[in-house]
Structures are given as structure tokens and as C-alpha cells.
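This briefing covers one protein chain. The notes after the structure are grouped by topic.

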Amino acid sequence: MNDLEQLYQQIILDASRERHGEGLLTNAQGESFQVNPTCGDQVKMQVELSADGTKIEKIGWEGSGCSISQASISIMTDLLTGTSLTRFEQLSTAFREMMDGRGHAIDDATADLLDDAAAFQGVAKFPARIKCALLGWMALREATEQAGSQDGKGAASEQTCHCE
């Protein structure tokens with residue numbers, strides 16, 4: 001499989017079209033708006049945490065951009081809805097390390113952990129596309145931090161994604 005075929009493999013294309021979790025939440029506790037200045041991809045990410053603040057109950061988003069950013073957000077939403085914040089941290093770290101690997105092979109344990117998100121391994125070969133893949137992950141991190149703050153009702157923030 002050549003680099004372009006790997007970049008746009010079927011799992012990414014399917015996730016981009018299906019856009020799991022798309023739509024804003026009624027009772028969001030945290031929100032983040034991120035923009036990738038390189039290509040204009042953008043996402044407004046919202047999150048609701050469990051009553052004890054340890055679990056991601058719901059993720060909602062709306063955004064626009066390339067198939068990589070939209071697919072990454074869709075797959076991330078599937079992976080993280082209903083998981084603990086500890087698990088989010090573990091998956092987020094693994095995804096970021098995979099992107100930092102610039103396309104080098106990941107081990108089987110990491111591939112299993114990341115599930116469908118492991119399909120973005122090929123994206124890491126293209127530095128300009130790494131920001132696209134990380135956009136939603138950065139937005140969700142900020143939204144969960146906001147939701148976990150003392151009042152959970154801080155003002156929504158708008159950021160430029162510095163996902164490098």
C-alpha cells in the first residue's frame with residue numbers, strides 16, 4: 001500500500017462520512033473551540049462528565065475540515081464516550097505518541113489500545129496532517145479540563161490548535 005492509499009484508508013474515509021457524535025449537547029459542562037491555522041479545520045467540542053467527575057458521559061461536537069480531522073474526531077468520540085478520565089489520558093497519550101512517531105510502526109499493544117484510531121498511524125508520516133488528526137483530541141482535553149474545574153461552568157474558550 002503506498003503512502004496516499006494508507007493515508008486515506010477505508011476506515012478513515014468511513015469515519016469521516018459517518019461523523020459519530022456530531023451534534024451539540026444540551027447540558028455541556030465543558031466546551032472548547034479549536035482551529036487548525038494551517039488548513040482551516042475547526043471543531044467546537046462539548047463534554048458532559050459523570051456526577052462524580054471521573055467519567056466522560058457524553059461528547060458532542062460540530063466542525064468542518066478535511067477527512068482526517070473529521071474522522072479522527074468521530075473515532076475519538078466512539079473510543080472515549082463512557083470511559084474514565086484516566087482511560088482518556090491513557091488513550092490521548094498513546095495517540096499523541098503515535099503522531100509523534102512520524103509513521104513508525106506501533107506495537108501490537110498500542111494498536112489494540114487505540115483500536116480504530118490506530119489507522120491514523122499513516123497520517124503521522126505527513127507532518128502537515130498531524131495537526132488535523134490531533135485537533136479533536138486537543139479540544140476534548142480542554143473541554144474536559146473545563147468541565148472538571150470547580151464550577152464546571154467556565155466560559156467556553158476559543159483556541160488555535162498548536163498540535164505540533
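In this predicted model, A15 touches Q70, A71, S74 and I75, leaving out residues up to four places away in sequence. A15 itself sits in helix α2, residues 10–18.

- A15 counts as buried because its relative accessible area is 8%, and the cut-off for buried is under 20%.
- A15 and I73 lie 58 residues apart in sequence, yet their C-alpha atoms are 8.7 Å apart in space.

**Helix α3**
- Helix α3 covers residues 67–80.
- Of its 14 residues, 13 are buried, so α3 is largely enclosed by the rest of the structure.
- At 1.5 Å a residue, the 14 residues of α3 should span 20 Å, and this agrees with the 20 Å between its end C-alpha atoms.
- G82 follows α3 and has a positive phi, near 90 degrees.

**Packing of α3 against α6**
- Two packed helices are described by the angle between their axes and the distance between the axes.
- For α3 and α6 (residues 127–147), the angle is about 40 degrees and the axes are 8 Å apart.
- The two helices, α3 and α6, cross in a right-handed sense.
- On the α3 side, the residues that meet α6 are I68, S69, S72, I73, M76, L79 and L80.
- On the α6 side, the residues that meet α3 are R129, C132, A133, G136, W137 and L140.
- Sorted by class, the contact between α3 and α6 has nine nonpolar, three polar and one charged residues.
- An α-helix has 3.6 residues a turn, so residues three or four places apart point the same way.

**S92 in helix α4**
- S92 is located in helix α4, residues 85–100.
- With a relative accessibility of 7%, S92 counts as buried.
- Apart from neighbours within four places in sequence, S92 is in contact with W137 and R141.
- W137 is also among the α6 residues that meet α3.

- S149 is placed in the loop between α6 and β4 (157–160).
- Is S149 buried, partly exposed or exposed? S149 is partly exposed, because its relative accessible area is 29%.
- S149 and Q29 are 120 residues apart in sequence, and their C-alpha atoms are 9.5 Å apart in space.

**The chain as a whole**
- The chain contains six helices and four strands.
- Read from the N terminus on, the order of elements is α-α-β-β-β-α-α-α-α-β.
- The chain has 164 residues, and 46% of them count as buried.
- Among contacts in the chain with a separation of 6 or more, 62% come from residues 24 or more positions apart.

**Confidence of the prediction**
- The average pLDDT of the chain is 87, and 86% of the residues score at least 70.
- Over residues 4–8 the pLDDT stays under 50, and the model has 11 contacts beyond four places in sequence for them.
- Over residues 150–157 the pLDDT also stays under 50, with 13 contacts beyond four places in sequence in the model.
- Where pLDDT is low, the predicted coordinates should not be read in detail.

Note on methods: Residues are numbered from 1 along each chain as its sequence is written. This is a predicted model: local features need pLDDT of at least 70, side-chain atom pairs count only at pLDDT 80 or more; totals for chains, interfaces and linings use all residues. Side-chain values use heavy atoms; hydrogens and water are left out. Axes are lines fitted to C-alpha atoms, for helices over the stretch in contact, and angles run from 0 to 180 degrees between N-to-C directions. A crossing is left-handed if the near helix is turned anticlockwise from the far one by less than a right angle, and right-handed if clockwise. Contact means heavy atoms within 4.5 Å. Ala, Val, Leu, Ile, Met, Phe, Trp, Tyr, Cys and Pro count as nonpolar, Asp, Glu, Lys and Arg as charged, and the others, Gly among them, as polar. pLDDT is the predictor's confidence in each residue, from 0 to 100. The expected span of a helix is 1.5 Å times one less than its number of residues. Buried means under 20% relative accessible area, exposed over 50%, partly exposed in between (1.4 Å probe, protein chains only).
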